[in-house]
Protein chains: 2
Amino acid sequence: MHLTKNDLQTTERVKRLNIINSISGIKPANLIGTASDDGKTNLAIFSSVIHLGSNPALLGFILRPADEVPRHTYENIQANGFYTINHVPTAMIENAHYTSAKFDHEISEFERCGFHEEYIDGFSAPFVKESPLKIGMRFIESIPININNTTLVIGEVEHLIVLDEAMTEKGYINLEICQTAGISGLNSYYNVQKIMDFPYARPHEVPDFKQKA
Amino acid sequence: MHLTKNDLQTTERVKRLNIINSISGIKPANLIGTASDDGKTNLAIFSSVIHLGSNPALLGFILRPADEVPRHTYENIQANGFYTINHVPTAMIENAHYTSAKFDHEISEFERCGFHEEYIDGFSAPFVKESPLKIGMRFIESIPININNTTLVIGEVEHLIVLDEAMTEKGYINLEICQTAGISGLNSYYNVQKIMDFPYARPHEVPDFKQKA
């Protein structure tokens, strides 16, 4: 199937949303946990968390335009300065998916969707107890993406909590052992299975690949 | 295991790279195809392709600092204006991984790593014939991320070519049928298996989740 830009522009809106949200490939399923000034907690699923750098350890995520969605997560991050990123375990993908419903500010998605809050001394944002890999983040900056009014929200890793058995001596984290979920599009959830590790690629060590005819 | 920011800063460099490159969760495995002004093609694996918006259809990816890595991909995008993003099929993860070796400009990773170039009339960048989902992109803009000298490179979808059997009537793309690979960290490759679709989440339709004690 070959769709041009014009084909995509004339595709019905929801179908286009489904298609374009799928084409980047598998996306990570993460829950972002925050707390408001008045002590209400919030939990929301994001598929746009991205690695930005290792030293300092920086992660980003993409925020939709303010006129499209309520932004409790972002308001809380701005007010509080801290937030958590928690891998979604495959056993709780349904719970995680429904955090995307537009609940009132008064309702905590932790309680409504069946997750437990967990805290670290001196860190003001709630972690997800059920998550196999949890990251405590400090907000750094927001970079506007003017072409479509989205925002790249950048934070630094302050805490990393991960299952002991998932990390090797070299620092490889096995996402199959974590049972971390993946997402395609807006609604489809995946399990991941490790195939193989390869070494750092040096030009003189590249195998002799042949193009198949 | 609980690692603080200070623990991470004092971790040996390569181990820290491995850890921090893994914590965002599963990442998509994509090959970016480009051509230089003098007609040399280039192919490079990226795990940072991200959905930015559906109308217009925009994707981004993160470019490392210029002093860390050669940037044939970026130089070609700047010169040519067009590039391709191609899902890595699980059957070719080893080939795809080795495109990350620092080959000389004269060597095309297509040929060296066993991929075939494929072209669309009127589109100047090479696609990967073996890929189950191929996207023709037009460069839009680069946004600097000053805190660590990385760059968010943004482009618009001009062409989408996908296996007929992978897309449903609703526009859902099944990545298990595509056999699209995922990546954790810098060196670990994953297979993805579809678990479930859930509907668009409306507050009054959320199931009655109970927190387990």
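Tutor: Chain A contains six helices and 13 strands. The model is a predicted one. Along the principal axes, the C-alpha atoms of chain A occupy a box of roughly 65 × 50 × 30 Å. Chain A has 213 residues, and 60% of them count as buried. Of the contacts in chain A that link residues at least 6 apart in sequence, 59% are between residues at least 24 apart. Chain A carries 18 positive and 26 negative charges, whose mean positions lie 10 Å from each other.

The size of an interface is often expressed as the accessible area lost when the parts come together. Between chain A and chain B, about 10100 Å² is buried, and carbon and sulfur atoms account for 61% of that area. On the side of chain A, the residues that lose the most area to chain B are A:Met1, A:Phe198 and A:Phe209; together they make up 8% of what that side buries. Chain A brings 114 residues to the contact, and chain B brings 114 residues.

Charged side chains also take part. Three salt bridges are counted between chain A and chain B. In a salt bridge between side chains, A:Lys5 meets B:Glu158, with an N to O distance of 3.9 Å.

Note on methods
Residues are numbered from 1 along each chain as its sequence is written. Chains are lettered from A and ligands numbered from 1 in the order in which they are written. This is a predicted model: local features need pLDDT of at least 70, side-chain atom pairs count only at pLDDT 80 or more; totals for chains, interfaces and linings use all residues. Side-chain values use heavy atoms; hydrogens and water are left out. Helices (H or I, at least four residues) and strands (E, at least two) are DSSP runs, numbered from the N terminus. Buried means under 20% relative accessible area, exposed over 50%, partly exposed in between (1.4 Å probe, protein chains only). Contact means heavy atoms within 4.5 Å. Lys and Arg count as positive and Asp and Glu as negative; His and the chain ends are not counted. The place of a charge is taken as NZ of Lys, CZ of Arg, CG of Asp or CD of Glu. Buried area is the accessible area (1.4 Å probe) that two parts lose on being put together, summed over both. A salt bridge is a side-chain nitrogen of Lys or Arg within 4 Å of a carboxyl oxygen of Asp or Glu.
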